[in-house]
Amino acid sequence: MSNLEQPTRTAPRTSSSFVLVVALIPFLPALFVFWFLFLRCGPTYYAPGFSEAKFASLREGMSADEVEAILGRPLQKVPQADGGMLWTYSDRDDDTCDFEMRWVYFKSGEIRRVVKMYWDD
């Protein structure tokens, strides 16, 4: 008998990341739905200086200067087809995301409508 050690055989090494990916394949449709419904969209974001209390103080008839003094600059000022102006104080990650809508509609330089609602898309 020889005093030489017998070589040991080891199983081929499999990457744990590969095993994880293969194990998740049957769950991909459910994971996609979960991502689409719950993780895809970030939270509503607001203009700097925005607060719900300040927004609640707005009233129809206030001027654009008064609104800007209370809330600061909006995220966007969007001209409307009827000659009015829409100021947006909140927005979302993309057009298919739900969000807290905080908008002010002006006509002839004064507030005609304050929009405070949850947009469920």
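Contact, in this talk, means heavy atoms within 4.5 Å. Good morning, colleagues. The model before you is a predicted one, in which local features need pLDDT of at least 70 and side-chain atom pairs count only at pLDDT 80 or more, while totals for chains, interfaces and linings use all residues. Residues are numbered from 1 along each chain as its sequence is written, and side-chain values use heavy atoms, with hydrogens and water left out.

Let me begin with the sheet. Helices (H or I, at least four residues) and strands (E, at least two) are DSSP runs, numbered from the N terminus. Two strands pair if DSSP finds at least two bridges between them. In general, strands of a sheet pair through backbone hydrogen bonds, either parallel or antiparallel. Here, four strands form an open sheet in the order β2-β3-β5-β6, and the pairing is antiparallel. Its edge strands are β2 and β6, each pairing on one side only. On average, neighbouring strands of this sheet are turned by 20 degrees against each other, direction ignored; axes here are lines fitted to C-alpha atoms, for helices over the stretch in contact, and angles run from 0 to 180 degrees between N-to-C directions.

I now take the pairs in turn. Strand β2 (residues 76-79) is joined to strand β3 (residues 85-88) by four bridges, and P79 stands opposite M85. Five residues lie between the strands of this hairpin, where G83 takes a positive phi near 90 degrees. Four bridges also join β3 to β5, with W103 of β5 as the bridge partner of T88. Finally, nine bridges join β5 to β6 (residues 110-119), and V104 stands opposite V114.

The hairpin of β5 and β6 has two residues between its strands. S108 is in the loop there, and its phi is near 55 degrees, a positive value in a residue other than glycine. Is S108 buried or exposed? With a relative accessible area of 66%, S108 is exposed; buried means under 20% relative accessible area, exposed over 50%, and partly exposed in between (1.4 Å probe, protein chains only).

Next, consider R102, which is in strand β5 (residues 99-107). R102 counts as buried because its relative accessibility is 5%. Its side chain makes a polar contact with the side chain of E100 at 3.2 Å. A polar contact is a pair of N or O atoms within 3.5 Å; within protein, one must be able to donate a hydrogen and the other to accept it, and residues adjacent in sequence count only if both atoms are side-chain atoms. Leaving aside neighbours within four places in sequence, R102 is in contact with residues including Y46, E52, W87 and K116.

I close with the core. A nonpolar core is a set of buried Ala, Val, Leu, Ile, Met, Phe, Trp, Tyr and Cys residues joined through side-chain atoms within 4.5 Å. The largest one has 12 residues, among them F50, M62, W87, V104 and I111. Helix α4 (64-71) and β5 each supply at least two residues of this core. That helix lies across β2, β3, β5 and β6, running at about 5 degrees to β3.
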